[in-house]
Amino acid sequence: MSDAMIEVIDLTKKFGDVTAVDAVSFSVKRGEIFAFLGPNGAGKSTTIKMLTTLLRPTSGTIRVNGLDPHKQALAVRRSFGIVFQDPSLDDQLTAQENMEIHGALYKVKDAKPKIERLLKFVDLYDRRKTQVQKFSGGMKRRLEIARGLLHHPTIIFLDEPTLGLDPQTRNQMWAYLHEMNKNEGTTVFFTTHYMEEADRNAQRIAIIDNGKIVAMGSPAEVKQSQNAETLEDAFLALTGHSIREEDASSTDRMRTMMRGFQNRRR
């Protein structure tokens with residue numbers, strides 16, 4: 001078995017005359033916590049969509065858990081869990097019911113004890129019969145993490161997982177993720193605009209800008225390469241200080257497509 005959970009070689013995606021991802025190559029080790037960073041519109045979302053079977057590359061090679069996301073899409077989907085920036089839970093259902101539906105979609109065997117264990121893991125077992133609409137933002141995020149782990153994925157993708165969370169909830173969420181990574185060996189691939197979060201939690205990072213990888217290595221190595229005291233300073237040195245407009249529509253399309261392939265499981 002390869003040491004790499006994700007292998008990307010010369011990955012390119014074009015939309016007409018626009019090259020969104022331009023001959024990108026990187027790898028993520030099994031059991032690694034990896035941050036994929038970049039300004040708005042840099043190519044992060046497009047890359048993640050190709051990794052998670054939602055978008056077909058123009059050219060290049062991708063392997064996720066040794067599988068081709070285009071040719072072996074179903075098997076790849078079973079390999080990963082995903083937590084979106086915005087909640088994708090059903091607010092009208094309880095925490096338990098959201099977990100049970102996910103278990104049914106992924107055909108999880110003996111789901112009941114696994115649901116109990118995961119809800120206890122994220123400190124939501126006592127609220128399992130509460131409608132999700134009554135949960136705080138942090139509670140919803142913890143439930144989404146539990147749901148994403150129910151089918152025992154080898155890798156979990158986190159899209160801006162702590163956006164809008166207070167420091168206490170953010171630290172608690174990362175404590176769960178580090179425990180999961182340590183005990184289960186789950187690979188964590190996350191995006192964030194909080195540079196201190198990437199610096200504190202990622203073992204390695206990649207920075208993408210204008211569709212190309214402009215830096216990769218440990219946070220310390222990236223800072224050293226730019227003679228910067230902080231990762232934010234290094235990030236700005238690599239990507240510039242101009243404000244980028246966020247492509248909200250692409251993120252929305254990713255969530256819509258994700259729900260679509262979940263619906264095809266029914």
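How many of the eight residues of helix H1 are buried? That is where these notes on the predicted model start.

1. Helix H1, residues 44-51, has seven of its eight residues buried, so the rest of the structure largely encloses this helix. After H1 comes Thr53, which has a positive phi near 75 degrees.

2. Thr47 deserves a look while you are in H1. Its relative accessible area is 0%, so Thr47 counts as buried, the cut-off being under 20%. If you skip neighbours within four places in sequence, Thr47 is in contact with Leu11, Val21, Phe26, Phe36 and Ile208.

3. Now the overall picture. The protein has ten helices and nine strands, and 53% of its 266 residues count as buried. Take the contacts between residues at least 6 apart in sequence: 71% of them join residues at least 24 apart.

4. In soluble globular proteins, nonpolar side chains tend to be buried together. Here the largest nonpolar core holds 45 residues, and the members that touch the most other members are Leu37, Met99, Leu143, Phe190 and Ile205. Apart from that core lies another, of 27 residues, with Val28, Phe36, Leu55 and Val64 among them. Phe36, a member of this other core, is also one of the contacts of Thr47.

5. Leaving out residues within four places in sequence, Leu143 is in contact with Leu89, Ala95, Met99, Leu119, Leu124, Val132 and Phe135. Two of those names, Met99 and Leu119, come back in the next point, where H3 meets H4.

6. Two packed helices are described by the angle between their axes and the distance between the axes. For H3 (residues 95-105) and H4 (residues 111-121), the axes come within 10 Å and cross at roughly 130 degrees. That angle makes H3 oblique to H4. H3 passes H4 in a right-handed crossing. From H3, the residues involved are Gln96, Met99 and Glu100, and they meet Ile115, Leu118 and Leu119 of H4. Sorted by class, this contact has four nonpolar residues, one polar and one charged.

7. What is the angle at which H5 and H6 (residues 167-184) pack? About 15 degrees, with the axes 10 Å apart, and that makes H5 roughly parallel to H6. The crossing of H5 and H6 is right-handed. On the H5 side you find Gly138, Arg141, Arg142, Ile145 and Leu149, which meet Thr169, Gln172, Met173, Tyr176, Leu177 and Met180 in H6. The residues of this contact split into six nonpolar, three polar and two charged.

8. Last stop: Arg141, which sits in H5, residues 137-149. Is Arg141 buried or exposed? Its relative accessible area is 6%, and under 20% counts as buried, so this arginine is buried. Not counting residues up to four places away in sequence, Arg141 touches Val83, Gln85, Glu160, Pro161, Thr162, Leu163, Leu165 and Met173. Arg141 and Met173 are 32 residues apart in sequence, and their C-alpha atoms are 8.1 Å apart in space. Arg141 and Met173 also both take part in the contact of H5 with H6.

Conventions. Residues numbered from 1 in each chain as written. Predicted model: local features only at pLDDT ≥ 70, side-chain atom pairs only at ≥ 80, totals over all residues. Heavy atoms only, no water. Axes fitted to C-alpha atoms, helices over the stretch in contact; angles between N-to-C directions. Helix = DSSP H or I, 4+ residues; strand = E, 2+ residues; numbered from the N terminus. Parallel < 35°, antiparallel > 145°, perpendicular 65-115°, else oblique. Left-handed = near helix turned anticlockwise from the far one by under 90°. Contact = heavy atoms within 4.5 Å. Nonpolar A, V, L, I, M, F, W, Y, C, P; charged D, E, K, R; others polar. Core = buried A, V, L, I, M, F, W, Y, C linked by side-chain atoms within 4.5 Å. Buried < 20%, exposed > 50% of the residue type's maximum accessible area, 1.4 Å probe, protein only.
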